[in-house]
Amino acid sequence: MATPTGWRREGNLPAELTSFVGRTRLLANLKRHLAESRLVTVTGIGGVGKSRTVLRLAHQVRSQYPDGVWFADLARLQDAGMVKHTIASALGIADQSSRAESESLSEWVGDRDMLLIIDTCEHLVQGCAELVHELLEAAPNLKVLATSRQSLHLPYEQVVPVPPLLVPGDDPAENLFTNESVQLFALRAGAVVPDFQLDEDNITAVAELCRRLDGIPLAIELAAVRLRALSVEQILGLLADRFSLLAGASRTALPRHQTLRAAIGWSHELCEPAERLLWARLSVFAGDFELDAARFVCSDGRLPSEDITDLVTGLVEKSILLIRSNHAGVRYKLIDTLAEYGEEWLDKLGQAQQMKQRHLEYYLSLAQRSEDAWSGPRQIYWFVRMRQEHDNVRVALEHALSSPARSASALTLLSSLWFMWVCCGFVREGRLYLERALEANPSPTKERCKALWVLSYVRSAQGDSAGALSAAEQCSTEAVRVGDSRAVILASKMQGTAALLQGDVQKASALLGVAIEFNTDNKELNPGLLPATVELSLVLSAQGELFEAESLLQDCLQVCRERGELWVSSYAQWAMSRTRLATGRADEALHSAREGLRIKRHFHDTLGTLLVLETTARILITLRQAPTAAKLLGALQQNWRTAGLPQMGAPFLTDDHDACVEDCKSMMGDLAYKNAFENGARLDLDEASTLALGDLDAPAED
């Protein structure tokens with residue numbers, strides 16, 4: 001399976017899903033400005049093609065940026081305080097420390113020669129401007145390309161407006177057939193009606209239609225969809241009627257805003273009543289969504305669940321919904337401008353709160369289903385699925401936290417998704433939301449106890465052992481008060497984890513042992529029994545009880561194989577590699593470490609990958625492969641800087657790392673070590689993993 005998006009040096013630029021028409025002069029102008037300025041903001045009205053133009057430009061210039069072109073979409077983000085986190089997530093940064101987000105972002109970008117695209121900034125201009133300024137000051141080789149309906153108001157910003165496409169008549173010498181608005185209509189019309197051809201019979205009507213639509217790409221595309229049922233002349237007639245009805249409707253709106261709104265409204269009126277209602281209700285989703293989500297959230301007596309599939313198909317055919325298919329299944333998305341229109345209608349219908357509540361209920365149910373299934377054979381499916389649902393989970397959380405009456409639901413949603421925060425690359429976000437939800441729910445309850453041990457787990461993943469211990473102790477105290485025995489057991493496990501990170505192996509041994517002894521419900525392997533088993537093996541190894549540690553890990557791996565659990569098994573393989581190395585079996589240790597790395601490539605597990613790479617470097621020293629070990633040490637130093645606290649601040653890990661560095665220098669000599677280390681520092685996490693795996697495409701030894 002491919003490495004998760006965000007890890008590779010080339011960036012995360014989305015594919016171009018439709019062909020691009022025209023804009024030759026605009027693209028050349030943008031390239032010139034991007035070459036001369038470090039910040040270019042592309043402005044224009046909704047639907048004029050800002051995002052699509054920037055995406056075309058990015059694909060044309062991507063080879064100029066050795067460290068990649070990175071794309072962050074803010075269109076559906078509601079909370080200005082999450083701008084930094086959203087961009088960090090788009091960059092694939094899994095900073096698990098408690099540092100300020102902008103600090104980790106700036107450090108990650110550092111000297112990278114890269115282009116960052118921030119799409120749809122207009123509703124978060126202040127937060128975007130502040131972050132862009134911080135990043136450009138800290139990162140000398142960074143360039144930023146933003147899209148917004150207004151500029152970021154920074155003094156060094158180059159603002160490039162995206163005009164509508166040229167329409168027939170703009171250039172009197174132009175042939176109608178080669179006009180870019182006409183070409184766009186013809187291209188989209190051909191996708192709708194495969195035998196559509198521009199000819200002398202329809203060119204005049206198409207040209208007039210494009211003029212009526214002011215060359216706005218979204219309006220033209222919406223008009224082309226009507227060719228399924230109407231001729232070009234009929235579309236033009238209906239559109240003329242629509243515009244005459246709107247004449248004078250808004251004295252303040254710019255003519256082209258009126259044109260776009262008219263085109264969207266016209267498409268809205270041509271939908272069936274049930275399709276219009278579904279369009280409005282689907283606007284509660286952020287990003288894309290699955291069909292089962294639409295059935296649950298949007299159905300009622302007026303829209304029966306069994307009708308949703310056909311209605312969704314109708315909205316896809318009318319280009320209201322985009323459809324996205326990949327190995328994980330089919331998902332749908334409302335185009336941003338159309339989502340805004342749907343939101344307005346939902347408010348007018350008085351159904352916004354009802355739909356938001358249904359949306360929250362769906363994601364509560366999905367969170368609980370995914371938690372129950374996480375430790376089973378579909379773990380990779382749930383990893384991919386919940387990363388896809390990240391935007392919708394965030395919207396559901398914001399709705400839950402917007403009212404004291406719903407804040408308990410936020411606790412339930414957050415704590416059910418413990419694996420999403422820790423295992424799917426959203427540790428920092430999980431901590432922020434958990435602390436916010438706990439503050440909103442101060443009275444002891446079972447829901448609060450669960451959120452407390454999840455918070456402890458999240459803080460441990462950041463290397464914040466003191467914070468983890470505090471949350472676990474608070475969980476234990478409150479769990480006794482409310483009679484929650486499971487929370488008491490998990491609090492013991494989390495206290496044991498914190499003790500291990502702090503180097504108190506005796507305390508860790510006692511607490512982890514208690515957690516394992518009393519965790520007798522085999523259905524709940526995670527996050528209690530199996531992680532506690534791996535951590536206890538680390539304690540036993542530190543105490544010199546290597547046979548007992550290996551036996552414990554063999555049992556753990558057997559349970560993982562039986563249940564189809566992969567996440568913990570990768571950590572068990574890492575722990576096994578440490579034990580085998582300590583017993584003088586370096587070849588077997590390397591096999592275990594590499595098996596752990598192969599599993600981790602299915603997940604976005606920055607922390608776990610770094611831990612395995614640390615041990616792999618130690619093994620390679622033992623196997624007399626010092627140059628490769630030195631490269632890994634260079635990659636580790638660079639990647640730990642952006643992932644959080646090096647070696648999680650755990651004494652048993654930092655001591656091993658320091659010893660590995662000294663042994664490597666002793667074996668190679670300072671100069672050779674320095675050269676290999678610096679070469680390794682250029683590797684991203686995926687390249688370092690490839691090197692450690694010994695794959696054929698690993699970077700060559702110098």
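In this predicted model, in which local features need pLDDT of at least 70, side-chain atom pairs count only at pLDDT 80 or more, and totals for chains, interfaces and linings use all residues, the side chains of Thr615 and Trp574 are joined by a polar contact of 2.8 Å. A polar contact is here a pair of N or O atoms within 3.5 Å, where within protein one atom must be able to donate a hydrogen and the other to accept it, and where residues adjacent in sequence count only if both atoms are side-chain atoms. Residues are numbered from 1 along each chain as its sequence is written, and side-chain values use heavy atoms, with hydrogens and water left out. Thr615 belongs to helix α29, which covers residues 606-622; helices (H or I, at least four residues) and strands (E, at least two) are DSSP runs numbered from the N terminus. Thr615 has a relative accessible area of 2% and is therefore buried, a term that means under 20% relative accessible area, while exposed means over 50% and partly exposed lies in between (1.4 Å probe, protein chains only).

Ala146 is located in strand β4, residues 142-148, and counts as buried because its relative accessibility is 0%.

The loop between α30 (626-643) and α31 contains Gln647, which has a positive phi of about 55 degrees although it is not a glycine. Met648, in the loop between α30 and α31, also has a positive phi, near 55 degrees, in a residue other than glycine. Gln647 is buried at a relative accessible area of 8%, and Met648 counts as buried at 11%.

On the surface, Asp655, Asp658, Glu662, Asp663 and Asp670 gather in a patch of negative charge. Such patches are made of residues with over 30% relative accessible area and no salt bridge, like charges being joined within 9 Å and nonpolar side chains (Val, Leu, Ile, Met, Phe, Trp, Tyr) within 5 Å; a salt bridge is a side-chain nitrogen of Lys or Arg within 4 Å of a carboxyl oxygen of Asp or Glu. Helix α31, residues 651-668, gives the most to this negative patch, with four residues, and Asp655 is found in that helix.

Definitions and conventions:
Areas by Shrake-Rupley, 256 points an atom, 1.4 Å probe, with all protein chains shown as cover. Lys, Arg positive; Asp, Glu negative; His and termini not counted. Charge placed at Lys NZ, Arg CZ, Asp CG, Glu CD.
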